[in-house]
2 protein chains.
Amino acid sequence: MAYELYYWPMLQGRGEFVRLALEDAGADYVDIARGPDADGRGLGALTRFLEDPSIARPAFAPPVLRDGDTLIGQTAAILLYLGPRLGLVGESEADRIWTHQIQLTIADVVAEAHDTHHPIAISLNYEDQKPEAARRARDFCRNRIPEFLAWFEHVLTRNDGRHLVGDRVTYADLSLFQLVDGLHYAFPNASAAALSDNPQVAALHAAIPRRPRLAAYLASPRRIPFNEQCIFRRYPELDG
Amino acid sequence: MAYELYYWPMLQGRGEFVRLALEDAGADYVDIARGPDADGRGLGALTRFLEDPSIARPAFAPPVLRDGDTLIGQTAAILLYLGPRLGLVGESEADRIWTHQIQLTIADVVAEAHDTHHPIAISLNYEDQKPEAARRARDFCRNRIPEFLAWFEHVLTRNDGRHLVGDRVTYADLSLFQLVDGLHYAFPNASAAALSDNPQVAALHAAIPRRPRLAAYLASPRRIPFNEQCIFRRYPELDG
């Protein structure tokens, strides 16, 4: 039975980390909110799902993955669950927990990237928190992007230089590609500087999209373009 | 062999979620940074560990747990690892991933609570971001604390009303106690209002510290008092 992904249809967001894993593995899945209403899909289906009082284990927020009777929320938990099923994580418990630890650190960067344009409240628009956003983004670009990318570079160096864990691609590598891609979109200047200091991270970011299934996905209409409704937003005034 | 916990010795912080699980289970563990230098412990031992270039799988930040040759960072990953070993999670994969999903949502609240006093940059002092902190804390108290506690109340209601998962205490229950305890310390007014709307969350917060091992721990000097170096800080101007 196909996996079902419940996520917003108009943006990459956190759902994209799940989409990349499913696409790279060639998994059978349905992106519920992106199908036609006539098939019981679309944004209405997502909204009904999120508000369904009969769900015993409701997620706080999307993305949510359905696998038969099992529902899983939280991006990193979804990847923890999918990793072994999709062949995107090592066999040993030590490799699996380390891969997950890296994913959780990626999630931390994603949250910080989001807060560059929403440092005060997600209930407010960017336009209502621009001075605070400018201050937060300055610190993120000058301190946090370099600190985090340096850590990923360390992790690569202490492994084989090409993979974060072991000797083949895991979901953490796919997620690091997506993180760097998002940073590159939102903060082209700050990211370019940090990537030149961390060449193995840059090389991973270049190599992952050459994987055949991912290349096909990224060139397809299934890949939603980056835009200013998402975590990674190109506001030039924040790239410093 | 005893578990080793590597975390800051002067604050509860994220390490406290790990301490609570270890203490509740009566596990044998060493809180490395809190022992005497003469025993190779203390803050110096923590610093040396964090900077050790020979560690193949370095964490981005503490807490880190050592179990023999295995090192694990990221609070939620540590609890994922410890849960089965300490008897603090159910047997089925579905229960384990749901418990972890709840833990990750608790981690999200913790990060947001931290950012009420550091909305701009962790590299700056609170005094350098007070106006922004006041704005962010207002939204956190008025919107986010109620939203998150209502979700935990839903989760309890849709289970048995007393446990988040299944019919016995998991590490997620211990962590929800700690989260509510921290919110209550930092935002006594906002938390009291939200707890009165979510009575099962309030009841869980009252019940968990009556567990015998936890009661002993909480009354001991091992429990570091809340303070203003931590995630949860009592700045009265932010409680609104």
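**View 1. Helices α3 and α4 of chain B meet through a set of side-by-side residues.** From α3(B), the residues in contact are B:A76, B:A77, B:L79, B:L80 and B:P84; from α4(B), they are B:R96, B:H100, B:Q103 and B:L104. The model shown here and in every other view is predicted. Helix α3 of chain B covers residues 75-86, and helix α4 of chain B covers residues 93-117. Their axes lie 10 Å apart, at an angle of about 150 degrees. Angles over 145 degrees count as roughly antiparallel, so α3(B) and α4(B) are roughly antiparallel to each other. The crossing of α3(B) with α4(B) is right-handed.

**View 2. Helix α4 of chain B also packs on helix α5 of chain B.** Helix α5 spans residues 130-158. The two axes come within 9 Å and cross at roughly 165 degrees. That angle makes α4(B) and α5(B) roughly antiparallel to each other. This crossing is left-handed. On the α4(B) side, the contacting residues include B:W98, B:I102, B:T105, B:I106 and B:V109. Also on α4(B) are B:E112, B:A113, B:D115, B:T116 and B:H117. They meet a group in α5(B) that includes B:F140, B:F148, B:W151 and B:F152. B:A133, B:R136, B:A137, B:R144 and B:V155 belong to that α5(B) group too.

**View 3. A cis peptide bond joins A:P62 and A:P63 in chain A, and B:P62 and B:P63 are joined by a cis bond in chain B.** In chain A, omega is about 5 degrees. A:P63 sits in the loop between α2 (42-50) and β3 (64-67) of chain A. In chain B, omega is near 10 degrees. B:P63 is placed in the loop between α2 (42-50) and β3 (64-67) of chain B.

**View 4. Residue A:Q74 has a positive phi, and B:Q74 has a positive phi in chain B.** A:Q74 is not a glycine, yet its phi is about 75 degrees. The loop that holds A:Q74 runs between β4 (70-73) and α3 (75-86) of chain A. A:Q74 has a relative accessible area of 17%, so it counts as buried. For B:Q74, also a residue other than glycine, phi is near 75 degrees. B:Q74 lies in the loop between β4 (70-73) and α3 of chain B. The relative accessibility of B:Q74 is 18%, and this residue is therefore buried as well.

**View 5. Cysteines A:C141 and B:C141 are in no disulfide.** The structure holds 0 disulfides over all chains. For A:C141, the nearest cysteine sulfur belongs to A:C230, 16 Å away. A disulfide needs two cysteine sulfur atoms within 2.5 Å. A:C141 has 6% relative accessibility, so it is buried. For B:C141, the nearest cysteine sulfur is that of B:C230, 16 Å away. B:C141 is buried, at a relative accessible area of 6%.

**View 6. The side chain of A:S220 reaches a backbone nitrogen.** A:S220 lies in the segment after α9 (212-218) of chain A. With a relative accessible area of 13%, A:S220 is buried.

Terms used:
Residues are numbered from 1 along each chain as its sequence is written. Chains are lettered from A and ligands numbered from 1 in the order in which they are written. This is a predicted model: local features need pLDDT of at least 70, side-chain atom pairs count only at pLDDT 80 or more; totals for chains, interfaces and linings use all residues. Side-chain values use heavy atoms; hydrogens and water are left out. Buried means under 20% relative accessible area, exposed over 50%, partly exposed in between (1.4 Å probe, protein chains only). Helices (H or I, at least four residues) and strands (E, at least two) are DSSP runs, numbered from the N terminus. A polar contact is a pair of N or O atoms within 3.5 Å; within protein, one must be able to donate a hydrogen and the other to accept it, and residues adjacent in sequence count only if both atoms are side-chain atoms. Axes are lines fitted to C-alpha atoms, for helices over the stretch in contact, and angles run from 0 to 180 degrees between N-to-C directions. Angles under 35 degrees count as roughly parallel, over 145 as roughly antiparallel, 65 to 115 as roughly perpendicular and the rest as oblique. A crossing is left-handed if the near helix is turned anticlockwise from the far one by less than a right angle, and right-handed if clockwise. Contact means heavy atoms within 4.5 Å.
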